[in-house]
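Q: Could you show me how to read the features of a structure that is new to me?

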Amino acid sequence: MNLHKRDYGTVAGPHPRTAQAGFEMLLAGGNAVDAAVAAAFAEGVVEPSHNGIAGYGGCVLIYRSKTQDVIAIDYNSAAPAAASEKMFTIEDAPETVAGYRVPGRVNVHGPLSIGVPGVVGGLCLALEAFGTLPLADVLRPAINSARHGYAPNGANRGGIAGNAERWKRDFPETARVFLKNGRPPKKGETLTNPELARTLEAVAEGGHSAFYEGTIAETIANHIQKLGGCLTADDLKNYRPFITAPYQIEYRGYSVYTAPLGAGGLTTLQMLRLVEAFDVAEMSVTERFHLFAEAMKVCWPERLRRFGDPKVVGIDIETEVSDRFTATLSEKLKAGLKSPQPGEVVYHEPMNCTSHISTADAEGNMVSLTQTHGGGFGSMVTVPGTGLLFGHGVGRFDPRPGLANSVGPGKRPLHNMAPFLATRDGMPFATYGIPGGRTIPNNQLNISINLMDLQVSMQEALDAPRFHSDGAEPIQIESRAGEQVLLEMRELGHEITASAGIGGPGHGVRLWNEGTRHDGGTDPRGEGKVMAK
């Protein structure tokens with residue numbers, strides 16, 4: 001086990017430019033927050049499929065070593081004031097998994113899918129409240145990548161190629177920004193976005209208000225309304241990210257923290273509470289996956305039926321992770337372990353495209369940050385003159401009326417991002433997270449078990465085979481688990497689908513000796529990087 005002493009710190013992110021941007025802040029004397037914010041702004045430039053400066057939102061956890069506490073910042077999107085739960089036409093479609101459709105998927109792509117983007121506001125708030133370096137310094141790597149160019153990785157090149165013809169037809173400004181002479185970029189070719197560089201320079205000079213008020217905000221609102229959307233300049237002006245308390249449980253002697261609703265981590269916490277009654281460390285892979293399968297089938301229907309904007313649905317975190325409620329869920333779990341049932345699809349959602357960044361400094365401060373466009377390239381709408389590709393915050397709501405996560409004016413959607421931090425006896429232990437839509441809460445369960453039950457390194461935790469169900473079978477299991485595991489799961493009564501990969505590239509840092517020794521990891525399923533010194 002290689003736990004190096006760090007004089008500056010560690011940054012783990014999904015693109016080399018992302019990790020480099022964060023690490024430059026550590027070398028400049030910044031802390032883990034400075035590093036995370038710089039990395040997140042850079043990530044918003046270099047991985048446009050997954051997230052962006054106008055991504056719909058994100059969430060961040062910060063462990064502060066001096067006070068030995070954890071705080072959260074919520075920068076989830078908010079629906080425009082003119083949005084309503086009846087804004088989309090719903091057609092019956094019994095031949096589909098969902099059982100319904102929105103004609104043209106206008107809730108997912110196009111101007112009506114756009115909510116207030118939270119990324120700029122959230123990152124500026126994190127830096128202002130907990131960072132140490134000037135905003136202009138922190139934004140410099142992102143500005144340089146936008147102006148002088150970056151090489152898209154394989155996932156983003158594939159996304160651009162897969163959408164190129166549609167963009168030419170339906171989203172010409174997006175095609176202009178992300179295609180080279182009308183074609184997708186090839187491996188090694190660079191893309192530039194000079195308009196985005198100028199937008200970032202305006203933010204560097206004027207702070208978050210330069211984005212949410214004034215010329216940039218008016219340009220955004222005017223273009224989206226011209227296309228038929230309902231986002232206004234007032235929606236942008238009235239948007240506020242906020243500092244809040246994270247959700248927390250105790251698990252095997254660790255304090256485990258995640259972002260509050262609408263984030264996805266509460267579902268992970270509920271699954272951890274369920275599996276804590278079992279000696280997971282002594283289980284075989286098959287036994288463990290059998291337990292995970294039934295825990296997921298118990299917890300996902302709870303999530304998809306009851307969870308939403310916490311200001312609207314009234315979820316009480318103490319109740320949700322209480323012994324009493326866990327005991328209720330445990331009865332369902334035990335029944336499923338004895339006789340696995342097919343489960344049910346509560347709400348089908350095929351979208352996933354997100355980025356995660358973990359940072360830690362030599363003082364033991366940790367940051368876990370996840371942000372997103374939503375699905376690949378979000379709304380697919382780019383506003384001329386700004387270089388801004390917009391996420392689809394409204395697309396994260398259930399388009400059907402009368403549900404916990406239905407659209408509503410000013411409402412914040414349920415989403416799957418779930419950054420995690422863990423401490424032990426008040427000391428830093430780990431920061432970790434992963435993209436991948438609904439696979440995120442489940443993969444966070446897997447990573448948490450690997451770190452805290454199996455006591456493996458961060459890299460080994462990310463390398464391990466993955467497993468997914470969002471309430472119904474067939475269960476997905478990565479082929480790297482081995483044919484024997486798939487066979488044994490089928491013999492236990494599960495319907496299994498083998499998968500080449502489940503979820504996107506996760507990243508994390510594990511810490512020892514009060515945070516001075518670090519063990520970073522980057523996912524073999526991606527092209528990320530760990531930088532440390």
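Q: Is F429 buried or exposed?

A: F429 counts as buried because its relative accessibility is 5%, where buried means under 20% relative accessible area, exposed over 50% and partly exposed in between, with a 1.4 Å probe and protein chains only. This is a predicted model, in which local features need pLDDT of at least 70 and side-chain atom pairs count only at pLDDT 80 or more, while totals for chains, interfaces and linings use all residues. Residues are numbered from 1 along each chain as its sequence is written, and side-chain values use heavy atoms, with hydrogens and water left out.

Q: How many aromatic pairs does a search of the whole structure find?

A: Rings of Phe, Tyr and Trp (its six-membered ring) pair if their centres lie within 6.5 Å, and planes under 30 degrees apart count as stacked, over 60 as edge-to-face and the rest as tilted. The search finds ten such pairs. In one of them, Y254 and F429 have ring centres 4.7 Å apart and planes at 45 degrees, so this pair is tilted. Y254 lies in strand β9 (residues 254-258) and F429 in strand β15 (residues 427-433), so to speak distant parts of the chain, 175 residues apart, where strands are DSSP runs (E, at least two residues) numbered from the N terminus. Y254 also counts as buried, at 3% relative accessibility.

Q: Which residues form one aromatic cluster?

A: The cluster is made up of W167, F178 and F377.

Technical notes:
Helix = DSSP H or I, 4+ residues; strand = E, 2+ residues; numbered from the N terminus.
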